[in-house]
Amino acid sequence: EGKGRTKAEALAEVAARQRAMAREADQCTVRCFPLGMTEGQDVRTTRSATVTELAQQVAEQMGMRGATGTLVLTFNGEVLPQRTTLRNAGIGEGSELFYYWEGGD
């Protein structure tokens, strides 16, 4: 019985390592610029994040958390749909995105 438990522990450890590797593989850094500007900032995120989640990260990182309206992200000149994952939008390591506020005061 002790041997079976050791095997189960080993399998659990392998599974945990595989999950950690998958999480690391999902990580990426994108460069975010205010629309029309040349100075951007790196944002560390995941390819499985949605555009909405990245917009929230950008707003927080840029100190715009309390702003009203919607932070719109664009990639290759196209507005990104909010529910799309970065992976599905073709965004990965080193991608450059632009943002602007829509609505609000």
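Tutor: Start with a rule: two strands pair if DSSP finds at least two bridges between them. Strands (E, at least two residues) and helices (H or I, at least four) are DSSP runs, numbered from the N terminus. The model here is a predicted one, in which local features need pLDDT of at least 70 and side-chain atom pairs count only at pLDDT 80 or more, while totals for chains, interfaces and linings use all residues. Residues are numbered from 1 along each chain as its sequence is written, and side-chain values use heavy atoms, leaving out hydrogens and water.

Student: What makes S1 and S2 a pair?

Tutor: Bridges between S1 and S2 number 6. The rule asks for at least two, so S1 and S2 count as paired. Their sense is antiparallel. Threonine 29, for instance, stands opposite arginine 44 in S2. The hairpin of S1 and S2 has 6 residues between the strands, and glycine 36 in this hairpin takes a positive phi near 85°.

Student: How do you know that S3 and S4 pair too?

Tutor: There are 2 bridges joining S3 to S4. At least two is the requirement, so S3 and S4 meet it. They run antiparallel. In S4, valine 79 stands opposite threonine 74.

Student: Which residue of S5 is the bridge partner of threonine 74?

Tutor: Phenylalanine 98 is that partner. S3 and S5 pair over 6 bridges, in the antiparallel sense.

Student: What is the strand order of the sheet?

Tutor: The order is S2-S1-S5-S3-S4, in an open sheet of 5 strands with mixed pairing.

Student: Why are S2 and S4 called edge strands?

Tutor: Strand S2 (41-46) and strand S4 (78-79) each pair on one side only.

Student: Why is valine 30 called buried?

Tutor: Valine 30 has 1% relative accessibility. Buried means under 20% relative accessible area, exposed means over 50%, and partly exposed lies in between (1.4 Å probe, protein chains only). Its 1% is under 20%, so valine 30 counts as buried. Valine 30 sits in strand S1. Contact means heavy atoms within 4.5 Å. Setting aside neighbours within four places in sequence, the contacts of valine 30 include Gln41, Val43, Leu54 and Leu97. Valine 30 and glycine 94 are 64 residues apart in sequence, yet their C-alpha atoms are 4.9 Å apart.

Student: Is serine 95 buried or exposed, and how do you know?

Tutor: The relative accessible area of serine 95 is 10%. That is under 20%, so serine 95 is buried. Serine 95 is found in the loop between S4 and S5. Not counting residues up to four places away in sequence, it touches Thr29, Val30, Arg31, Phe75 and Gly90.

Student: And asparagine 76: buried or exposed?

Tutor: Exposed, because its relative accessible area is 66% and the cut-off is over 50%. Asparagine 76 lies in the loop between S3 and S4. Its phi is near 55°, a positive value in a residue other than glycine.

Student: Why is S3 described as largely enclosed?

Tutor: Of its 6 residues, 5 are buried, so S3 is largely enclosed by the rest of the structure.

Student: What makes a group of residues a nonpolar core?

Tutor: The members are buried Ala, Val, Leu, Ile, Met, Phe, Trp, Tyr and Cys residues joined through side-chain atoms within 4.5 Å. The largest such core here has 19 residues, and Val30, Leu54 and Val58 have the most contacts inside it. Two or more residues come from each of strand S1 (27-34), helix H2 (51-61), strand S3 (70-75) and strand S5 (96-102). H2 gives the largest share, 5 residues.

Student: How do you know that the buried residues of H2 line one face?

Tutor: The buried residues of H2 are Val51, Leu54, Ala55, Val58 and Ala59. Seen down the axis of H2, they fall within an arc of 140°, so they line one face of the helix. The arc is taken over directions from the helix axis to the C-beta atoms. Their cover includes S1, S2, S3 and S5. Just after H2, glycine 63 takes a positive phi of about 75°.

Student: How confident is the predictor?

Tutor: pLDDT is the predictor's confidence in each residue, from 0 to 100. The protein averages 87, and 91% of the residues score at least 70.
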